[in-house]
Structure formats: structure tokens, C-alpha cells
Amino acid sequence: MAHTGILFSLCIFFIFAVSRIEGKTKYEPNWESLDSRPIPNWYEDAKIGIFIHWGVFSVPSFATEWFWKNWKSNRADISQFMKKNYPPNFSYQDFAAQFTGEHFNATKWAEIFQNSGAQYIIFTSKHHEGYAMWPSRYSFSWNSMDVGLKRDIIGELSEAIRKNTNLHFGLYHSLYEWFNPMYLADRASNFSTQTFVDQKIIPEMRELVFKYRPEVIWSDGEWEAADTYWRSLEFIAWLYNSSPVKDTVVVNDRWGSKTLCKHGGFLTCSDRYNPGKLQSRKWENAFTLDKESWGYRREANLEDYMTIGEIINLIVEAISCNGNVALNVGPTKEGTISPIYQDRLASLGKWLKVTGPAIYKSRPWLQCQNDTLTSNVWYTSKPGKGNPEIFAIVLFWPKDGYIDLGCLHSKNVVRVSMFGVDNCCGFETRGNGLRVIFPNKAETSNDWAWALSISYSDTSDQEPRYETQTEL
């Protein structure tokens, strides 16, 4: 009986302990609580994502993905384009029937993204035009099964990604819709009514979560109304506490007119956000490979696309400052990813095969991000026992055959090596810096941004603790 009493007491203690743990992980529907949730480690480690903007706007594929809105606003170039190429009574809805996607192959897309070296994708489930890329019960006759594609695009892509790659699957979702009558009625009431949110937005977001299990929910279209109108706090609390992806999902900061760059998961702050200095909170630079548009443009010229050098420079700068990047591609209406995008992604993959150890699972080096002597050098690190391993990523090939690194002048450096090169590199202390001797460029297996791995032995020079958000 004594053993029974002890066992009963242990069970009561265990139940109490579990309830305490569960209590600590329950997030309340307020920003103080939601902002305290750690970023899952998979997102911290992944660093690089691929954004995909595909929708009815891919049919005219002219000017911008805001084609419909700008056409209704009588933007001159779009009005002229429509007048020249389409009959007077042609509507935007008529484009949907031409959204054919006959060459869409989810497995091929998955292969392209996997070979890019990216670790996650963010697919546009619904843009501001309201067209749903899945057979949504809340978007009757304006979704990819009812009109145009006649396919569950998100279903096919999520399955291909999970079956054929190690990428995490995420979704972009626009809260507002330009011309949805329910939204326009709510706006006309100064958002005193929430019919649009209650009958469409919340149900369709939950539908997406239950059906496709996205690990990123990249919200947008928030700016016209407060988070209370969008019921963002309640939704995110459900997402963190009870949803099927509660342990792995990550969200951004676009959940209401005053949340941008303040509240949510990772911060985006603006399109193409690039602060250039270390940020205390996790952030993401989402940028387009076509500098003019997120969607595909038939009129784009070669110079409108970012070079691989420009892309890598942004990646390196972001990661050294505690950011991730999401590179956007815009597929054609037929469902192909054009060769210019494929070329950039393949080149990125080639670079990451060599330089990946300085990128994936890295953290900012708190002592220095951008070198003090050579400005085109950025640092990342991997903490370990004692001093961390430091990576100096050099964005140019030095014409004199060496570089001087000011951030390492006080370190007891014992080894410098270059990824992709054997028996490199020589080094010596020179004035206020560490001079690193580069090899013959022909010896390298890389064409852009060379990463140096640096180890030092000064155990008295300990790294400050990295106060980052850690895995749940």
C-alpha cells in the first residue's frame, strides 16, 4: 500500500508538472504573448526560401501583378495595353479562362527549387485579386478548380515538395481582396462590420492549414484595417496553440495596419527590406528576381533581372545581420518557370554547394557583421565549445591577391581555409588587420563570393551569448 501511495503521489506530481509545461506554452491572443513565441529552429537554420507568385495576373503578364487594380484605376500603360489587345467588353474575370497551366509540372518545379539550394518555398495561395489556387469552399467559381486551371495547384505542389525534396512548404495569403463585395461593404462601414473576415478570411485560412499543413504563413494585404478587424490575434493564437502545425509554423508581421515591423514572427517591414545592420529580431528580405514585378512579365528585358552576383550579395548581407531571404520567381500562365529564373536558381545552387557551410545553420557573429577594413566582407558564425567558427564571406576577388580583415586584428587566429580550395590560405598580422593570402583564382570551384573559415585560440576572448529565438 505504501508503494501505491508513492506511485499515486508521483502521478499527481507528473500531471501537475505537465500542466505547468502546457501552461507555459499556451499563447494568449495578445501581441505580448504571441511575440514571445520562439522562432522554430528550422527557419533559423534554413536561411533561403523561394517565393512564387502565380495567379490570374500571370495571364496578361504585363506591367505588374497589380494589373487588375491598376487597370481599374486607369493607369495609362495598362489601359493602352487592353485597348490595343482586347475587345472593349473584356473583363478581368475573362482572363481566368485563359489561365491554362498546361505545362505545370509540380515535380519539375520541386526539382528546380531543390537544386537551387533553398530550404523552403512560399507559394501564393491567393493574391489581392482573390483567386484561390486551391478548390476553396469559400471562393466559389473563383478558384483553380472551378475556372481556368481545373486543378488543385497547392495540393499538387505541396505533395511534390514533400515527396521529392527536403524543403519546408509555406503559403502566402492576402487578407484583403480588391473588389470582393463583402470586403467593400465592411470598408464602407469603416470596418464596424466583419462579414468578410468571419465568412471568408478566417474560414479559408483554417482550410489552408488543415488541408495543406503550411509551415510558413506569409500574410499580406493587411494595411487598410486594424488587426482587430482581421481577427489576427485569435487566429495566430489558434495557430500556435492548437493547429496541426503548431510546433513548426512561422508567420510574418503583416496582420494589421499597425503590426508591420513590430508584431508577429519574423519581420518583413517592407518589400525588399534590407537594413544593412544586425537586427535583434529575426527578419526576412523578400525580393524579386525581376526588379519590376512579382509576377511574370512578357515585356521584361534581360537587364530587368538581378544578376547572380547581386542575388548572392543580398543573401550574404541578410544572413550576417540575422535575416533570411525569399527570392521571388513568377511562372508563366502555362505553368513554366522561364529559363532566366531557372538560370539564376541553378547558379545559386552551384554556389551553395561550395559555400553552404557558411550559410545554413549559421548565426550572426555578434562582434562584427561588416568588416571594418574591407567593406565587401560579411561575417557569419557557428557557435561551438569555446570560440565559435567564424566565416568571412568575401564578395569580390582581391586584385592584389590578398585582403585585410579588420574585425580579426585582435584574434589569435590559428587557421584560415577557403571552401572549395585545398591548402588555403596563408595569413599574417598586418597593422590593424589580419592579411589573408588568396590562392590562384583558377584553383577555386566557385565564381561568386568566396567564404573563408577562420578558427582562433584566444579562449579569454569569449563570444557574448547570442540571444536569438530558439527552437520550441
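These legends describe close-up views of a predicted model.

**View 1. Helix H10 packs against helix H12.** H10 covers residues 195–212, and H12 covers residues 232–241. Their axes come within 11 Å and cross at roughly 15°. Angles under 35 degrees count as roughly parallel, so H10 is roughly parallel to H12. The crossing is right-handed. From H10, the contact takes in Ile202, Met205, Arg206, Val209 and Phe210. Facing them in H12 are Phe235, Trp238 and Leu239. By class, the contact of H10 with H12 has seven nonpolar residues, one charged residue and no polar residues.

**View 2. The largest cavity is lined in part by H10.** The structure holds one cavity of 30 Å³ or more. About 50 Å³ of space lies in the largest cavity. Its lining consists of Leu171, His173, Met205, Leu208, Val209, Pro214 and Ile217. H10 gives the most, with three. Six residues of the lining are nonpolar, one is polar and none is charged. Met205 and Val209 line the cavity; Met205 and Val209 also belong to the contact of H10 with H12.

**View 3. Phe191 lies in the loop that leads from helix H9 to H10.** H9 spans 181–188. Phe191 is not a glycine, yet its phi is positive, at about 60°. Most residues other than glycine have a negative phi.

**View 4. Helix H7 crosses helix H8.** H7 runs over residues 106–115 and H8 over residues 153–164. The two pack at an angle of about 50°, with their axes 8 Å apart. H7 and H8 are therefore oblique to each other. Their crossing is right-handed. On the H7 side, the contact residues are Ala106, Thr107, Trp109, Ala110 and Phe113. On the H8 side, they are Glu156, Leu157, Ala160, Ile161 and Asn164. By class, this contact has seven nonpolar, two polar and one charged residues.

**View 5. Helix H13 packs against helix H14.** H13 is formed by residues 308–320 and H14 by residues 339–355. The angle between them is about 55°, and their axes lie 10 Å apart. That angle makes H13 oblique to H14. H13 passes H14 in a right-handed crossing. Ile308, Ile311, Ile312, Ile315 and Val316 are the H13 residues in the contact. They meet Arg344, Ser347, Leu348 and Trp351 in H14. By class, the contact of H13 with H14 has seven nonpolar residues, one polar and one charged.

**View 6. A cis peptide bond joins Cys424 and Cys425.** Its omega is about 25°. Cys425 is found in the loop between strand S11 and strand S12. S11 spans 413–418, and S12 spans 426–430. Most peptide bonds are trans.

Key:
Residues are numbered from 1 along each chain as its sequence is written. This is a predicted model: local features need pLDDT of at least 70, side-chain atom pairs count only at pLDDT 80 or more; totals for chains, interfaces and linings use all residues. Side-chain values use heavy atoms; hydrogens and water are left out. Axes are lines fitted to C-alpha atoms, for helices over the stretch in contact, and angles run from 0 to 180 degrees between N-to-C directions. Helices (H or I, at least four residues) and strands (E, at least two) are DSSP runs, numbered from the N terminus. Angles under 35 degrees count as roughly parallel, over 145 as roughly antiparallel, 65 to 115 as roughly perpendicular and the rest as oblique. A crossing is left-handed if the near helix is turned anticlockwise from the far one by less than a right angle, and right-handed if clockwise. Contact means heavy atoms within 4.5 Å. Ala, Val, Leu, Ile, Met, Phe, Trp, Tyr, Cys and Pro count as nonpolar, Asp, Glu, Lys and Arg as charged, and the others, Gly among them, as polar. On a 1 Å grid over the protein atoms alone, a cavity is a set of points where a 1.4 Å probe fits but cannot get out, and a pocket is an open set with protein on both sides within 12 Å along at least five of seven lines; lining residues have an atom within 4 Å of a point. Grid points are joined across faces, edges and corners, and a volume is the space filled by probe spheres set on the points.
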